[in-house]
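Subject: Handing over the structure

Hi,

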Amino acid sequence: MDPRDTAPDSWEQEDDGEAPVDVQLSAFSSLNVNAKPFVPNINAAEFVPSFVQKGPTENLDCGGGDTVASMEIAEPVVAPLENGDAEMAVEETWEQKGAEPSEAEPGGGSGGDEGPAEDSPQDEGMEDEEETPALKVAPVLKDAPKKEHVNVVFIGHVDAGKSTIGGQIMYLTGMVEKRTLEKYEREAKEKNRETWYLSWALDTNQEERDKGKTVEVGRAYFETEKKHFTILDAPGHKSFVPNMIGGASQADLAVLVISARKGEFETGFEKGGQTREHAMLAKTAGVKHLIVLVNKMDDPTVNWSLERYEECKEKLVPFLRKVGFNPKKDIHFMPCSGLTGANLKEPAEMCTWYTGLPFIPHLDSLPNLNRSSDGPVRLPIVDKYKDMGTVVLGKLESGSISKAQQLIMMPNRHTVEVLNLLSDDVETDDAGPGENLKLRLKGIEEEEILPGFILCNGENLCHTGRTFDAQIVIIEHKSIICPGYNAVLHIHTCIEEVQITALICLVDKKTGEKSKTRPRFVKQDQVCIARLRTAGTICLETFKDFPQMGRFTLRDEGKTIAIGKVLKLVAEKE
């Protein structure tokens, strides 16, 4: 019994300095120093008393005889070793736990039934913590290529809550871990911006976080049962509208976020606000379906009031109808709160009057988009950078791309080869229309590519040129527009200076009749057909052949002046 007692209490005995044990300890003292790190986190101290009595009986249980107890106890040196073995046993039982969760836990403890009862919950907790993140990541990678890809752009006035809703959706669908959000919350509190922490999931740039304004189009993705969604978080500030147009040009579906808070909705919707401009730009970018999220319903000035919700709705509908959306088919209104997450995934209890589906289930229930994968390859380039070769980003508008395929970069006619293909950061061998892709290309330098260039297949190249005829609607311009007027043209992902060289005819809005004489000028709210000429060669298609590459907007002095569609490409005179 003596040597067994020396094992756990050896530190106290050293202090007492008993003479006979000293000789033995001189040999053990060096071991003892090693023992401290070897027997981890003081478990040894708590563990040994219960373990010394129960440990051998566990061995006996395995052996089967009760009488051998005294024999076993006399072997103290094995105790630490057995301790190690016991931990191993615990780990094995966790694996069994997957198969039979209820029974393995009590047996899993190394000391029989009641011995280390205190330890088993700790182990359990640690194991649970380790398991959850693994579960989050695994399913995403497995099913990624099979589901239909839908690109959703969040648009609306500055500070309406677009990034916060995006961050909340990513949290609710398990794409951002709770731990990460808690970290953001702490950091945001330090800057006295505690309500901004959700938007940091999408606003990753330091400048965006400091000012609380999105500048570049944030990207993230989440999955529902049927679909794979890419979030494009567009900036709301009027200085960054060109970035927003780039984001909207990749979208299939737009979510217009408006703030229900008193005063905020009004500023967003008045003449200088971005609510109007964004809705109009989304329509010109080819977004067919619009979901209007009335955000900040939890605000004290609103408090989930149906009157305020209806008021916002009544003001918006006539404007959206004027832009070209059909209120019955294309628009869906719903109340929500981005900060609390109410009515995004689960219905909100406070909001009894709203009976429709919450936001994420509603997205999932939308009908599938019809896209042809056998059309010509068209991939307008949104961005490019260097990373072990040249990498380009863009949304595949039509056709399909596979690894090692030869493509042509228009308008410069560079032949390139696809080395790698990533769809929403998941590597694949082939991709279909509607997917957001990152391509690593061979045969071209990063400096030779500009946003607005287009990847095509060799058999079917896209059209390029500088002069084209288009039908234009003048939306907002104080004075008249004559031939010779210069503006900035946004067509798909391309931005280029353009000049109106001639006005061909006016078009009657109601009847669609064209005037016989050439107009000398056009003014606000008129529709005309004009000839435009860009400063450089760009890629474009007629609206009839390829709608995504035949729509454009004209901007000047930071305002959207006109929207239009390409009717005819004019060949250059030699």
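A residue is called buried here when its relative accessible area is under 20%, exposed when it is over 50%, and partly exposed in between. By that cut-off R440 is buried, because its relative accessible area is 16%. Please keep in mind that this is a predicted model.

**Salt bridges**

D387 is partly exposed, at a relative accessible area of 32%, whereas R440 is buried.

How many salt bridges are there? The count comes to 18. One of them is between the side chains of R308 and E266, at 3.1 Å from N to O. R308 is in helix α15 (residues 306-323) and E266 is in helix α13 (residues 264-269), so this pair ties together parts that are 42 residues apart in sequence. R308 is buried, with a relative accessible area of 3%.

Helix α15 also holds K315 and E311, which are four residues apart and therefore separated by about one helical turn. These two form a salt bridge as well, and their closest N and O atoms are 3.6 Å apart. Both ends are partly exposed: K315 has a relative accessible area of 35%, and E311 is at 29%.

In general, side chains of opposite charge can pair when their charged atoms come close. There is also a network in this model: R261, E264, K296 and D299 are joined by salt bridges that share partners.

**Polar contacts**

Back in strand β14, have a look at N436. N436 is buried, with a relative accessible area of 5%. Which side chains does N436 reach? A polar contact of 2.4 Å joins its side chain to that of N151, and another, of 3.4 Å, goes to the side chain of T230.

T542 is in the loop between β19 (527-539) and β20. T542 is buried too, at 12% relative accessible area, and its side chain makes a polar contact of 3.1 Å with the side chain of D545.

**The largest cavity**

The structure holds three cavities of 30 Å³ or more, and the largest has about 120 Å³ of space. It is lined by 13 residues, of which I245, S249, T284, A285 and R551 are the closest to its centre. By class, the lining has six nonpolar, six polar and one charged residues.

Which elements supply at least two residues of that lining? They are α12 (241-248), α14 (274-284), β17 (486-491) and β20 (551-556). β20 gives the most, with three residues.

**Two of the lining elements**

Is α14 enclosed or open? Nine of its eleven residues are buried, so this helix is largely enclosed by the rest of the structure. The buried residues include Q274, E277, H278 and T284, and T284 is also among the residues closest to the centre of the largest cavity. After α14 comes G286, whose phi is positive, near 95 degrees.

β20 is mostly covered, with five of its six residues buried. It pairs with β17 in the antiparallel sense over four bridges, and F552 of β20 stands opposite I491. β20 also runs antiparallel to strand β21 (residues 559-570), to which six bridges join it. T553 has I563 of β21 as its bridge partner.

β20 and β21 form a hairpin with two residues between the strands, where E557 takes a positive phi near 50 degrees. When you look at these strands, remember that in a regular strand the side chains alternate between the two faces of the sheet.

If you want a place to begin, I would open the view on β20, which gives the most residues to the lining of the largest cavity.

Best wishes

Note on methods: Residues are numbered from 1 along each chain as its sequence is written. This is a predicted model: local features need pLDDT of at least 70, side-chain atom pairs count only at pLDDT 80 or more; totals for chains, interfaces and linings use all residues. Side-chain values use heavy atoms; hydrogens and water are left out. On a 1 Å grid over the protein atoms alone, a cavity is a set of points where a 1.4 Å probe fits but cannot get out, and a pocket is an open set with protein on both sides within 12 Å along at least five of seven lines; lining residues have an atom within 4 Å of a point. Grid points are joined across faces, edges and corners, and a volume is the space filled by probe spheres set on the points. Ala, Val, Leu, Ile, Met, Phe, Trp, Tyr, Cys and Pro count as nonpolar, Asp, Glu, Lys and Arg as charged, and the others, Gly among them, as polar. Buried means under 20% relative accessible area, exposed over 50%, partly exposed in between (1.4 Å probe, protein chains only). Two strands pair if DSSP finds at least two bridges between them. A salt bridge is a side-chain nitrogen of Lys or Arg within 4 Å of a carboxyl oxygen of Asp or Glu. A polar contact is a pair of N or O atoms within 3.5 Å; within protein, one must be able to donate a hydrogen and the other to accept it, and residues adjacent in sequence count only if both atoms are side-chain atoms.
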